[in-house]
Amino acid sequence: MADGQPPGMNDTTAFRDVFDANTAFAEQFSDGGLPARAARGLAVITCMDSRLDPFGILGIGPGDAKILRNAGARVTEDVLRTLVLAVYLLGVDRVLVMPHTGCRMVGVSEAEIHRVIGEQFGVDTRSLEFRTANEQTEALRSDLTRIRSFPLLPKGLHVTGAIFDVATGRLQPIDR
């Protein structure tokens with residue numbers, strides 16, 4: 001605690017692997033001149049699941065799209081706020097909401113998630129809303145409606161959804 005921080009609070013050694021990887025990445029980095037605007041006019045809302053590679057799944061690269069990730073690929077207030085910025089300031093004119101099969105946020109209730117975390121880790125998470133979904137397709141349709149009806153987004157914004165299958169790598173389009 002020489003720096004006044006509790007153990008683990010300022011522990012860069014726990015991140016040595018990622019800093020070393022960044023050093024190698026930076027040596028070959030060539031995208032420094034990319035503009036902030038989404039070159040393909042696309043915003044993708046997807047899950048934080050590390051099995052998902054939105055760049056590979058959609059055939060896009062750095063600078064092509066704005067990627068928004070959260071648990072379950074749900075359209076939250078923060079996602080709507082970010083979409084407003086992306087649409088008006090960063091060249092986005094179409095939005096894809098892309099949840100996936102095998103998501104931990106599907107088929108389980110909020111109460112169950114709170115219970116599991118409380119029992120296994122001793123943390124009371126009831127002040128949080130995890131936005132779990134009993135049925136993924138209906139949750140996706142609800143989220144698409146939420147974007148389409150949000151008054152701060154333009155009426156002509158192209159919005160669709162697709163569920164990514166983690167077993168096959170294929171997208172199943174879901175629109176209405």
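Mentor: Helices (H or I, at least four residues) and strands (E, at least two) are DSSP runs, numbered from the N terminus. This is a predicted model, where local features need pLDDT of at least 70, side-chain atom pairs count only at pLDDT 80 or more, and totals for chains, interfaces and linings use all residues. Residues are numbered from 1 along each chain as its sequence is written, and side-chain values use heavy atoms, with hydrogens and water left out.

Trainee: Why is strand 1 called largely enclosed?
Mentor: Because 6 of the 6 residues in strand 1 (residues 42-47) are buried. Buried means under 20% relative accessible area, exposed is over 50%, and partly exposed is in between (1.4 Å probe, protein chains only).

Trainee: What about the whole chain, how much counts as buried?
Mentor: 35% of the 176 residues. The chain has 5 helices and 5 strands, in the order α-β-α-β-α-β-α-α-β-β. Its C-alpha atoms fill a box of roughly 55 × 45 × 35 Å along the principal axes.

Trainee: Switching topic: how much space lies in the largest pocket?
Mentor: About 250 Å³. Of the 16 residues lining that pocket, Met48, Ala71, Arg104, Met105 and Ile113 are the closest to its centre.

Trainee: How is a pocket told apart from a cavity?
Mentor: Both are worked out on a 1 Å grid over the protein atoms alone: a cavity is a set of points where a 1.4 Å probe fits but cannot get out, while a pocket is an open set with protein on both sides within 12 Å along at least five of seven lines. Lining residues have an atom within 4 Å of a point. Grid points are joined across faces, edges and corners, and a volume is the space filled by probe spheres set on the points.

Trainee: Which element gives the largest share of that pocket's lining?
Mentor: Helix 4 (residues 110-121), with 5 residues. By class, the pocket lining has 10 nonpolar, 3 polar and 3 charged residues. Here Ala, Val, Leu, Ile, Met, Phe, Trp, Tyr, Cys and Pro count as nonpolar, Asp, Glu, Lys and Arg as charged, and the others, Gly among them, as polar.

Trainee: There's a histidine in helix 4, His114. Is His114 buried or exposed?
Mentor: Buried, at 12% relative accessible area. The His114 side chain makes a polar contact with the Thr125 side chain at 2.6 Å. A polar contact is a pair of N or O atoms within 3.5 Å; within protein, one must be able to donate a hydrogen and the other to accept it, and residues adjacent in sequence count only if both atoms are side-chain atoms.

Trainee: And the cavity side of things, how much space is in the largest cavity?
Mentor: About 80 Å³. It has 13 lining residues, with Gly72, Arg74, Pro99, Gln136 and Ala139 nearest the centre.
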